[in-house]
Amino acid sequence: MAFDGITVACLTQEFKEILLNGRIAKIAQPENDELLLTIKTPAGQKRLCISASASLPLIYLTDTNKPSPMTAPNFCMLLRKHISNGRIVEISQPGLERIIHFTIEHLDEMGDLCRKKLIVEIMGKHSNIIFCNDENMIIDSIKHVSAQVSSVREVLPGRKYFIPDTMHKLDPLTVTETDFIPLIREKACDIGKALYTSFTGISPVIAQEICTLACVDSFLPGKELSEDHLKHLYNQFSIFISRIKAADFQPCIYYSGTEPKEFCALSMTSFPNYTSQSFSQMSDVLNIYYSSKNTLTRIRQKSADLRHIVQTALERNRKKYNLQIHQLKDTDGRDKYKVYGELLHTYGYNLKEGAKSLEALNYYTNEMITIPLDQTKSPQDNAKRYFDKYNKQKRTFEALSKLVMETKEEITYLESISAALDIALSEDDLAQIKEELIQTGYMRRKYTKKKVKISNAPLHYISSDGFHIYVGKNNLQNEELTFHFATGNDWWFHAKDTPGSHVIVKTEGKELPDHTFEEAGKLAAYYSKARGTEKVEIDYIQKKHVKKPNGGKPGFVVYYTNYSMIIDSDITGINEI
């Protein structure tokens, strides 16, 4: 669901109850577009995370601390100078805008009491954190927006802060029936769209909910509704908005099975097929709903350079592979030239001088064939020409066959790195992948030739039967798991002919139950390029039968006497440690 004005209203109410009169003890900037404020309140220490990320802007209370850079960014240093140890005296939201104002009281350099505003704008790619004085003049912001970037509003030090009114929407908290009915009727679109494009803070999901409450088809044009229907729609709209005015919030998440699909600050009736879970705080909802998504978004951003290197190498090798295959097909007729040469040696003695072709019986197929000739050359020279052509194409075939195999292996290896980037969960994971790219020559090591010590642990699960299962997150971990951690009788799993993780089940000398085999197979399917597929073929074998070929790249293995299973990639219920 969209991070709409109603969600922000719920958060504003929550922050008023928890953070008001709290003192800002610490200010950190763990990311370029993110702040983490530690606030001391009568109820204890709280952490407020504010992210102005273009891909996932958020603001919520969290218990999680984040590592900060060794040198604080300029914006963080400025905030520390002005509002460190400041007291939050007011928290407000203008209308139903996706904006929260934190008014902070502090002592200036002269010891005088003054106020500053920290303004958080949660507006998609236009999100920002803006620091202003008490006269709404911008002191600084976490993102600078110049006139070259936006013709609507500059966000630069010394500029006046204001909220741009680009959509000309009405405030739903103050709209009257006199304004509402003509607006919906005259909009040249369906009712649902008319609601969320006419009123601040209303998202498409909320517009659908209001239409559902009013028993109105949201896809109908407003002009098709009667006056009574429009009045009924306004009444339901007013009742819904009154819950916001009364701060009657009911934060909840709606699930499809175990997957969170939607969240809302108010209970909804338009999700009959979903199960709901209620929470006391909106921050808890956002923590659960966005925590994994936020982590993956950040890691994806940080891995962009590595992905570019891998993708560029992949595209280059795929083009090379296609060209080599095309050249290899050109050698398919090489045996024909050998036959031509042999037949010319056999039947060429009775050829007339200047003949353009030879009709001869092919004793390999017992069929008559026509052999083209160079009439300026003798039969022996024509035979030699065909043998030379055969030998050249034979050598080309042998060389290309080897190159095609090497290029195919290179593509498979690069796809395995791409799969490792997909499952990376931390900066340590990315550091290992980067080290692997350096070791294999795709990147250069900067500043030092010292290798990065591999200290990042693989994923660790425990089966329902109590067996420990380990999953490599990249090729270096796969290598470590298979050839240094696993013992001979441990079981090894991998998705067949698909880039993915090595999965090791520690047997401790015991026989594995069938259910543990299935769970290990599911993990091998999930941590591969086949994730999300209903049926994935998994190879499994005891580790002692898995070998590493000489000169093989990290994570590359061979095996011959394996077992196979077909299984899905759903790992729900497998406990991670």
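I will go through two helix pairs in this structure, H3 with H4 and H9 with H10.

This is a predicted model, where local features need pLDDT of at least 70, side-chain atom pairs count only at pLDDT 80 or more, and totals for chains, interfaces and linings use all residues. Residues are numbered from 1 along each chain as its sequence is written, and side-chain values use heavy atoms, with hydrogens and water left out.

Helices are DSSP runs of H or I, at least four residues, numbered from the N terminus. Axes are lines fitted to C-alpha atoms over the stretch in contact, with angles from 0 to 180 degrees between N-to-C directions.

The first pair. H3 covers residues 177-186 and H4 residues 191-198; their axes come within 9 Å and cross at roughly 130°. H3 is therefore oblique to H4; oblique is what remains after under 35 degrees (roughly parallel), over 145 (roughly antiparallel) and 65 to 115 (roughly perpendicular). The crossing is right-handed, meaning the near helix is turned clockwise from the far one by less than a right angle. On the H3 side, Phe180, Leu183 and Ile184 meet Ile191, Ala194, Leu195 and Ser198 of H4, with contact meaning heavy atoms within 4.5 Å. By class, that contact has six nonpolar residues, one polar and no charged.

Now the second pair. H9, residues 334-347, packs against H10, residues 379-423, at about 155°, axes 8 Å apart. So H9 is roughly antiparallel to H10. Their crossing is left-handed. Among the H9 residues in the contact are Tyr337, Tyr340 and Leu344; those of H10 include Tyr386, Phe387 and Phe397. The classes here are nine nonpolar, four polar and six charged.

Methods:
Nonpolar A, V, L, I, M, F, W, Y, C, P; charged D, E, K, R; others polar.
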